[in-house]
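This briefing goes through selected local features of one protein chain.

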Amino acid sequence: MIFRTEEDTLGKVKIPLVKYWGAQTERSRNNFKIGLEGSMPIEIIRSFAILKKASAHANFSFGLLSRKKRDLISLVCEEIIEGKLDDHFPLVIWQTGSGTHSNMNVNEVVSNRAQILMGKLIGEKPSFIHPNDDVNMSQSSNDTYSTAMHIASYKKLVEETIPSIKKLRDSLERKKTLFKDIIKIGRTHLMDAVPITLGQVFSGYVSQIDHGLNSLQKTLDHLSELAIGGTAVGTGLNSPKGYDLKVTEYICEYTNFPFKIANNKFESIASHDAIVESHSSLKQIAISIMKISNDIRFLSSGPRSGIGEIFLPENEPGSSIMPGKINPTQCEAILMVCTQIIGNDLSISIAGSSGNYELNVYKPLMAYNFIQSAQLLSDATISFSNLCVEGITPNYSRIKELLDRSLMLVTALNTHIGYEKSAKIARSAYKNNTTIKEEAIRLGYLTMEEFDRLVNPKKMV
């Protein structure tokens, strides 16, 4: 590999010639060889590019940056947003907790790419666009990374995660309607209970998702607050008056989302309660989906030794040793995703609570976990909806068999013959392996006609 030499405030650094990053990026690349997770989420990098472009235009409007520099910075930022420069952002999440290295990575790439666009060599002095003085003008890593986190998280939720969850919700809603007249036995404590319709079961799932979506959407207002203009500690030092408003207006223009200035920049830099709050809603939805997925796979269990009240799509062979076995794999996949999200939430909770004084230094971890959770939930709900929920069908014969043999149908007799006699019917039927109808008649509590009139599952749901 051919190298070039660049110099920063700590001295000279060798950098791969073909890469646009600079000395500070290279130092971070060499000093933090930690983990296999990969690079900083590309969503964060592209959100940085949106911010850097907006900052260049804001600084130009205040007379702080020339038109030529503004246009060059904007051009490179557009290339970053379009994914043309992804290979030039090598840094991992396990770096400085403020995300300074990734902020400088973006600044250096913009500066060096601008050199190329001007027909100059990287490292040629003087550099027309300086990474700190021009690309990072009016900014600090402390407010830029916080801002990029919010832009990336908001965009991910609105563009991908929320629509995907809505698709799952609508799939469950369709099943609720299709199954509204199918009466089955209910279960509490994992034991037989009184009848319920399969549609009513799915209506509960729909309501869970509705509440989760409502919770998540309510967090968007806090998440839309941007820390930009707060610079290092929230006071706005080295940014011109009105800069925060102007740069936020440009960000709104570029994204078509209603971002706004943080109500309190000290809060938005020192803590990340908006991330904590929003991810907590992702966790809530994950918890709901775990319940739903477990119910679905238990209801489909068998096919002959389990409950087997519903059929799931047969997507792939389930065993390398047992021929013909089919497993509830979409349920299992989304259960693992939800488990990961719950784990991510614990990390985010600890990170959010550990901001010290004027800066939270867990920003890259929080960003990584949030983006991962939002992406996983988006992908998994689409897969679960398309390849599982949409294909669920009732096993009518099994549903009827379990309903007819249920002991808890006796509950309908409580108000007619009393709890004690009803309990005796149920216990006798269980002991003798008969039905409650047979035992009610044998014990002389009811005639066949009376039983058929009083114990009607259609009237019990």
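In β4, P195 is the bridge partner of I185. The model is a predicted one.

**Hairpin β3–β4**
- Strand β3 (residues 183–188) pairs with strand β4 (residues 191–197) in the antiparallel sense, over 5 bridges.
- The two strands form a hairpin with 2 residues between them.
- H189, in the turn, has a positive phi of about 60 degrees.

**Helix α11**
- Residues 329–353 make up helix α11, which has 25 residues.
- From first C-alpha to last, α11 reaches 36 Å, close to the 36 Å expected at 1.5 Å a residue.
- Buried residues of α11 include Q330, C331, I334, L335, V337 and C338; further along, I341, N344, D345, I348, A351 and G352 are also buried.
- The cover over these buried residues includes α10 (273–299) and α12 (363–387).

**Helix α3**
- Helix α3 (residues 67–81) has 15 residues and spans 21 Å from its first C-alpha to its last, close to the 21 Å expected at 1.5 Å a residue.
- Its buried residues are K69, R70, L72, I73, S74, V76, C77, E79 and I80.
- Among the elements that cover them are α2 (42–61), α4 (100–117) and α5 (131–135).

**T25 in helix α1**
- T25 lies in helix α1 (residues 23–31).
- With a relative accessible area of 0%, T25 is buried.
- Neighbours within four places in sequence aside, T25 is in contact with P90, L91, H101, M104, N105 and E108.

**Cis peptide bonds**
- Most peptide bonds are trans.
- The bond from K125 to P126 is cis, with omega near -5 degrees; P126 is found in the loop between α4 and α5.
- G302 and P303 are also joined by a cis peptide bond, with omega about 5 degrees; P303 lies in the loop between α10 and β7 (310–311).

- Most residues other than glycine have a negative phi.
- S138 has a positive phi near 70 degrees and lies in the loop between α5 and α6 (141–178).
- S138 is buried because its relative accessible area, 7%, falls under the 20% cut-off.
- T231, not a glycine, has a positive phi of about 45 degrees; its place is in the loop between β5 (225–226) and α8 (243–255).
- T231 is buried, with a relative accessible area of 4%.

Methods
Residues are numbered from 1 along each chain as its sequence is written. This is a predicted model: local features need pLDDT of at least 70, side-chain atom pairs count only at pLDDT 80 or more; totals for chains, interfaces and linings use all residues. Side-chain values use heavy atoms; hydrogens and water are left out. Helices (H or I, at least four residues) and strands (E, at least two) are DSSP runs, numbered from the N terminus. The expected span of a helix is 1.5 Å times one less than its number of residues. Buried means under 20% relative accessible area, exposed over 50%, partly exposed in between (1.4 Å probe, protein chains only). Contact means heavy atoms within 4.5 Å. Two strands pair if DSSP finds at least two bridges between them.
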